[in-house]
Amino acid sequence: MELVVSIGIGVLTGAGIWLLLRPRTFQVIIGLSLLSYAVNLFIFSTGGLRSGAAPVLEPGTAGSLEQHADPLPQALVLTAIVIGFATTALLLVVLLAARGLTGSDHVDGKEADR
Amino acid sequence: MSGWVDHVVIAPIVVPLLAGTVMILFDEQRRALKAGIGMASAVAQVVLAIVLLVLADAADPQMQTAASIYRLGDWPSLFGIVLVLDRLSALMVFLTSVLGVCALLFSLARWHRAGAHFHSLFQFQLMGLNGAFLTGDLFNLFVFFEVMLAASYGLALHGSGLARIRAGLHYIVINLVASLLFLVGVSVIYGIAGTLNMADLAVRMASIAEGDRALLETGIAVLGVAFLIKAGMWPLGFWLVPTYSVASTASAAIISILSKVGVYALLRLWLLLFSDPASPSFGFGSDWLLVGGLLTIVFGSVSIMATQNLARLAGASILVSSGTLLAAIGVGQIEVTGGALFYLSSSVLAIAAIFLLVELVDRGRVLGADVLAVTREAYGEEGLEEEVEVGVAIPATMAILGLSFAACALLLAGLPPLSGFLGKFAMLAPLIRSGGEDVPLDAWLLLGALVASGFATLIATTRTGIDAFWASSPDSVPRVSVIEIAPVGVLLALCLGMTVLAGPVMHYMEATARSLHAPQGYAEDVLTGQPAAEPDGATETDGP
């Protein structure tokens, strides 16, 4: 479980960084999205990974931290998702504006000299 | 404490939130109404900030503790979110509110007509800034950072146009990456320490298991990188000058304090977590701050010298001031921190003033008029003629502009007699004294960097000043209205006030630095949720 999650986070981060460094604005935005997925998974995993556990409490037992994952990172990740979503939407608008004004989808607004 | 005093702490967040929200409801054409609400809110924030300053300064005669803890929903600090008012946060909120009023007043002359929702964005910007300064919780700090950044994206793009979009795109992408780093740092810290409350974290720092300490420090370092990107430390600050120099004037003046938010967060967290000499993490990363700060000063000075453009000069002086502050924090001595806080206040005001001046000075030149015309065209404001300009023009324009510019130059270069010099002096004097007979190497380096950067600033401002005021043809006198020059006057008058009343101001800064360097008092207050009635046994920690 831990291995799968950490490999997943690693692949997402690697792909995200590669795309982030590409010259097209659309690649950058996809890269940022991938990176934010990776970060969200990472935050989520700090609460502990557990499969098949009860969401909060097993019926008839007193709850303890042994039985469930820490809920706080889940709350944090929710906030981070919402904020990331909003800022990505904002970036999309700027991207379209840049495309319209410069006539190019290069991040610098003009093609690099070759 | 009476009831309303308790709630004053959250007011600087609630007031702009309400004002900004209400303004969204009105049509974009009702600018006078929006301007009225915005101005009322900004003035109210100044009043609130002064109340907070007085509270922070009066509440703790022993200069050890946080002044006021505001627990949202009355949850204990360990579970809920707390707002903490101490001298540092009160000072930063005050600076924000002053900048807010000045930039808003300036924008009423013309800039607030250059795009949609300017007034709402402006209020949200103030809310984010105030929140970031007042919060006592790392994740809450992230949220307010995002509020502040989201508003600043809007403000940086305000007025639209090719240059702004191009710089804004880079600005947004870099800050989004910084936010992701912030999140990574926060989650590592939570994973290891199990808390995000800054005070609780400070307490737990001592008892982190040896095997986990390196990981925790890594997390804090990642978090620090996010703050350093905001502060514009070399090599993380290349986005700063292009973005700020093309932003519309009023926006540039208010977002110029954003880089100080990074400095503030570093100052707060770094001193809270790493200033306990008993802890194994004592002084973690101080060399990085010092060296990075020095490199930033060098880079900023070179940028100042290299530019012919007034707005870029103002942007580069932000870099110099960030670098100076980072290096001063990295030194980690109480007296130096006190001086750095004085310098911070002075440079925040001076940089905002010069950002406002830039447009007024440039207006006389062909270049500035071009930019405005293009902006107007892009936004389709055909009816916006010179005649409809708000306010009365001032007489003796060039003389007043020249004097203001000279004052800004003195402040930025750190020359006597103005407060820029006092700030630098207050940093350097204890630094040189501290080593006794032999002055330590870092003191020499910082001394050299400060003098050299002041010299570079002086050369660059003199050159630009001669170009703008003496070499310009007499028929190009710009038309400047009272509400445009008044904010500059207010900002410079505050700097002058800091110079004249340097004693009391410096006393406040030193008290701030002392309580920052003795974080046990702060931590204890936040965790018990009550400012200690009397000074507790918090041990005095002196610098190395």
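Reader: B:F238 lies in the loop between α9 (210-231) and α10 (240-246) of chain B. What makes B:F238 partly exposed?

Author: First, what you are looking at. This is a predicted model, where local features need pLDDT of at least 70, side-chain atom pairs count only at pLDDT 80 or more, and totals for chains, interfaces and linings use all residues. Residues are numbered from 1 along each chain as its sequence is written, chains are lettered from A and ligands numbered from 1 in the order in which they are written, and side-chain values use heavy atoms, with hydrogens and water left out. Now the label. Buried means under 20% relative accessible area, exposed means over 50%, and partly exposed is in between (1.4 Å probe, protein chains only). B:F238 has 46% relative accessibility, so it counts as partly exposed.

Reader: What makes B:W234, B:F238, B:V291 and B:L295 a patch?

Author: A patch takes residues with over 30% relative accessible area and no salt bridge; like charges are joined within 9 Å, and nonpolar side chains (Val, Leu, Ile, Met, Phe, Trp, Tyr) within 5 Å. These four form a nonpolar patch on the surface, with about 360 Å² of accessible area together. The area comes from the Shrake-Rupley method with a 1.4 Å probe, and for residues only the protein chains shown count as cover.

Reader: What joins B:W234 to B:P235?

Author: A cis peptide bond, with omega about 0°. B:P235 sits in the loop between α9 and α10 of chain B. Another cis bond runs from B:P416 to B:P417, with omega near 10°. B:P417 is in the loop between α17 and α18 (419-434) of chain B.

Reader: Why are α5(B) and α12(B) called roughly parallel?

Author: Take the angle. Axes are lines fitted to C-alpha atoms, for helices over the stretch in contact, and angles run from 0 to 180 degrees between N-to-C directions. Helix α5 (residues 118-134) and helix α12 (residues 258-274) of chain B pack at about 15°, with their axes 10 Å apart. Under 35 degrees is roughly parallel, over 145 roughly antiparallel, 65 to 115 roughly perpendicular, and the rest oblique. Therefore α5(B) and α12(B) are roughly parallel.

Reader: Which hand does the crossing of α5(B) and α12(B) have?

Author: α5(B) passes α12(B) in a left-handed crossing. That is, the near helix is turned anticlockwise from the far one by less than a right angle; clockwise would be right-handed.

Reader: What about α3(B) and α5(B)?

Author: They pack at about 15°, with their axes 9 Å apart. So α3(B) is roughly parallel to α5(B). Their crossing is left-handed.

Reader: What makes A:R24 and A:D105 a salt bridge?

Author: The rule asks for a side-chain nitrogen of Lys or Arg within 4 Å of a carboxyl oxygen of Asp or Glu. In A:R24 and A:D105, the closest N and O atoms are 2.8 Å apart, and the pair forms a salt bridge. The pair links distant parts of the chain: A:R24 is in the loop between α1 (2-20) and α2 (25-45), A:D105 in the segment after α3 (71-102), 81 residues apart. A:R24 has 23% relative accessibility, so it counts as partly exposed.

Reader: How many salt bridges does this rule give over all chains?

Author: Five. Among them is B:R87 with B:D57, at 3.2 Å from N to O. B:R87 is in helix α4 of chain B and B:D57 in helix α3 (residues 31-58), 30 residues apart.

Reader: Why is B:R87 called buried?

Author: B:R87 has 5% relative accessibility, so it counts as buried. B:D57 has 37%, so it counts as partly exposed.

How values were computed: Helices (H or I, at least four residues) and strands (E, at least two) are DSSP runs, numbered from the N terminus.
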